Amino acid sequence: MPIIDLEKCNRCLKCVKDCPASAITIETGEIANTCIHCGHCVAICPEMAVRPDFGNIFLLQPHAVTPKDFRNLASGIRSCRSYLQKDVPDAVMMQLIDNMKHYPSASNARPLQISIVRSKEKVKLLNDLTAETLIRKFSLLCSPWISPFIRIFVPSVNINTIKRYKALFIERKKVNDSQICHHAPAVLLFHGKVSKTGMAEADANIWATYTSIYANTLGLGTCFNGYIVKAMGNNSKLNQQFKVPANHRIYASLLVGYPKVKYRNEASRQSPIVVLL
Ligand SMILES: Cc1cc2nc3c(=O)[nH]c(=O)nc-3n(C[C@H](O)[C@H](O)[C@H](O)COP(=O)(O)O)c2cc1C
């Protein structure tokens, strides 16, 4: 729990009003166990009277990211599927990981762990297991015993599309030994306990998104990888090879490395449809 130093506290009540869990009784300095450890009380206190339960207090640094800067940054971040064969130094990798403490998490539960796959052999293994698992899944769905049931009970699944995917994956497997991981020097796996009630999947996609943006500022390229998520997901037998605990599920995956290609122009894409109410 954070600790309130009542000697330093000037009773401005900023922490009380800003606490999302209404957990602070300033008269006694108590913090109820409904506290979600978000650190708003630490961040808002003008007297630095609230000691965090983890780490020290640092003043926020001013930043100079203008809306135009962010727009330009966002438009320049593209999925990278072509990487230099240059390792991402451990220190840079740890920079990416360390910054995750700043990213949002539902109820501030922070349920995620990260596996960093960064040896050539392990990335290849991840690539091959993913491709093989997907081909097996596609074959099962297209089989004459299963596909009629899918057509009836899950009409949104297009069996012909799955057949095309299966053929494409098999074809690519013959000519491309890294059709999933694109020879990325590192792959981040965002995993957490399997839970029906938590929001680990949302957290994972948010953390991966922020990581992708931060990585870009460090000169790195990234690519989300839904194939790995779909294939490995909760397959504990496969996941154990990547130090993913048996009761965890992979919720997001991000390829990371130094990009081989540079883009000159913006993507010409439509903005989403907007409904004004
Ligand atoms: C959730 C998610 C999953 C994705 N999975 C894959 C993937 O498995 N393989 C891949 O090559 N790209 C994947 N992508 C990248 C998209 O194809 C890409 O974002 C999209 O085509 C737009 O291109 P851009 O990112 O270069 O702007 C994924 C993107 C998202 C957001």
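I looked up the ligand shell first. R78, S79, R81, C223, F224, N225, G226, Y227 and A267 are around the ligand (C-beta atom, placed from the backbone, within 6 Å of it). This is a predicted model, where local features need pLDDT of at least 70, side-chain atom pairs count only at pLDDT 80 or more, and totals for chains, interfaces and linings use all residues. Residues are numbered from 1 along each chain as its sequence is written.

Next, which elements each supply at least two residues of the shell? They are β7 (221–224) and α9 (226–232); helices (H or I, at least four residues) and strands (E, at least two) are DSSP runs numbered from the N terminus.

Then I turned to the largest nonpolar core, which has 38 residues. Such a core is a set of buried Ala, Val, Leu, Ile, Met, Phe, Trp, Tyr and Cys residues joined through C-beta atoms within 7 Å. Buried needs 20 or more other C-beta atoms within 10 Å, exposed 12 or fewer, and partly exposed falls in between, with C-beta atoms placed from the backbone. A184, A186, V187, F190, A204 and V256 touch the most other members. β8 (248–257) is one of the elements that supply at least two residues. β8 gives the most, six residues.

Last, I checked backbone angles. Most residues other than glycine have a negative phi. N108 has a positive phi of about 50°. N108 sits in the loop between α4 and β5 (113–117). Is N108 buried or partly exposed? N108 counts as partly exposed, because it has 15 C-beta neighbours inside 10 Å. K243 also has a positive phi, near 60°. K243 lies in the loop between α10 (236–239) and β8.
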